[in-house]
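Trainee: Could you take me through the helix packing in this model, and then one of its pockets?

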Amino acid sequence: RALRLVQSTSPSALLLGSLDAARAAVAGEEGARRLEAVVRLGERANAELGAIPGVEVLSEVPRGMAALDPTRVTVFVAGLGVDGFELDERLIEEFGVYAELPTASHITFILTMGNTAADVDLLVSAFRQLSAELFSPSSAPAEEAPGSSATDAGAPSRPPQVMTPRAAFFSAVEAVAGAAAVGRVSAAAVCPYPPGIPVLMPGEEVTEACVEEIRAVLAAGGEVTGCEADGSLLVVKQ
């Protein structure tokens with residue numbers, strides 16, 4: 001349980017070394033020029049993807065956020081009539097295109113100093129081919145659900161905090177399945193991926209909305225850390 005709070009006891013020397021090398025690469029004037037080139041690639045990718053039928057890109061700052069990262073390209077895929085997990089598999093298998101984060105409603109790609117114009121060409125070409133196959137006026141959603149569009153993605157509300165995280169974490173606990181956990185106090189951090197944001201922290205009350213979000217992520221093919229193997233939740237023993 002303690003390990004789940006930090007996820008790993010084994011920081012990778014390769015990753016830490018890579019981060020330090022990346023920091024050195026962006027330092028100084030040459031680094032600034034490289035980053036500017038990445039930003040231009042992101043702008044081009046967003047513009048060309050946004051012109052493809054059935055494809056919507058995140059182009060406006062959602063509520064609750066200060067700005068968009070120009071090196072991230074987020075594509076909403078509901079207009080193609082498939083979810084992001086299925087589309088992610090096809091992009092990998094058919095085109096060799098790998099996303100950073102697929103979700104039920106969108107896919108996010110990251111551009112770095114290692115990417116080139118050819119990478120953007122491949123990404124755009126893949127979506128053009130998929131759009132030609134999948135898009136039809138009837139596949140586009142007639143009405144977007146609140147919070148599902150690029151401009152209506154406010155931060156989720158937090159469940160009530162009824163105990164301190166320390167008190168909940170060190171309390172006696174028990175595993176309780178799904179709906180039976182509603183109204184109880186979580187003894188663990190529960191984090192669906194995607195999006196990788198905890199829906200529950202130790203000491204917070206388990207709500208119906210939390211349980212539904214966990215179920216939805218699992219049903220869509222995502223993962224949830226902080227749950228037991230059978231999907232039950234650790235709660236403070238009454």
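**Helix packing**

Mentor: In helix H3, Leu 41, Arg 44, Ala 45, Glu 48 and Leu 49 are in contact (heavy atoms within 4.5 Å) with Ala 117, Val 120, Asp 121, Leu 123, Val 124, Phe 127 and Arg 128 of helix H5. The model is predicted, so local features require pLDDT of at least 70 and side-chain atom pairs 80 or more, whereas totals for chains, interfaces and linings use all residues. Residues are numbered from 1 along each chain, and side-chain values use heavy atoms, without hydrogens or water.

Trainee: How many residues in that H3 and H5 contact are nonpolar, polar or charged?

Mentor: The contact comprises 8 nonpolar, no polar and 4 charged residues. Asp, Glu, Lys and Arg are charged; Ala, Val, Leu, Ile, Met, Phe, Trp, Tyr, Cys and Pro are nonpolar; the others are polar.

Trainee: At what angle do H3 and H5 pack?

Mentor: H3 (residues 28–50) packs against H5 at about 15°, and their axes (lines fitted to C-alpha atoms over the stretch in contact, with angles from 0 to 180 degrees) lie 10 Å apart. H3 is therefore roughly parallel (under 35 degrees) to H5.

Trainee: And H4, where does that meet H5?

Mentor: Leu 87, Arg 90, Leu 91 and Phe 95 of H4 meet Leu 122, Ala 126, Phe 127, Gln 129, Leu 130, Glu 133 and Leu 134 of H5. This contact of H4 with H5 has 8 nonpolar, 1 polar and 2 charged residues. The axes of H4 (residues 84–95) and H5 cross at roughly 115° and come within 11 Å.

Trainee: Changing topic, which elements line the second largest pocket?

Mentor: Strand E4 (106–110) and helix H5 (117–134) each supply at least two lining residues, with H5 giving the largest share, 4 residues. A pocket is an open set of 1 Å grid points where a 1.4 Å probe fits, with protein on both sides within 12 Å along at least five of seven lines; lining residues have an atom within 4 Å of a point. Helices (at least four residues) and strands (at least two) are DSSP runs.

Trainee: What classes of residue does the lining of the second largest pocket have?

Mentor: That lining has 9 nonpolar, 2 polar and 2 charged residues.

Methods
Parallel < 35°, antiparallel > 145°, perpendicular 65-115°, else oblique.
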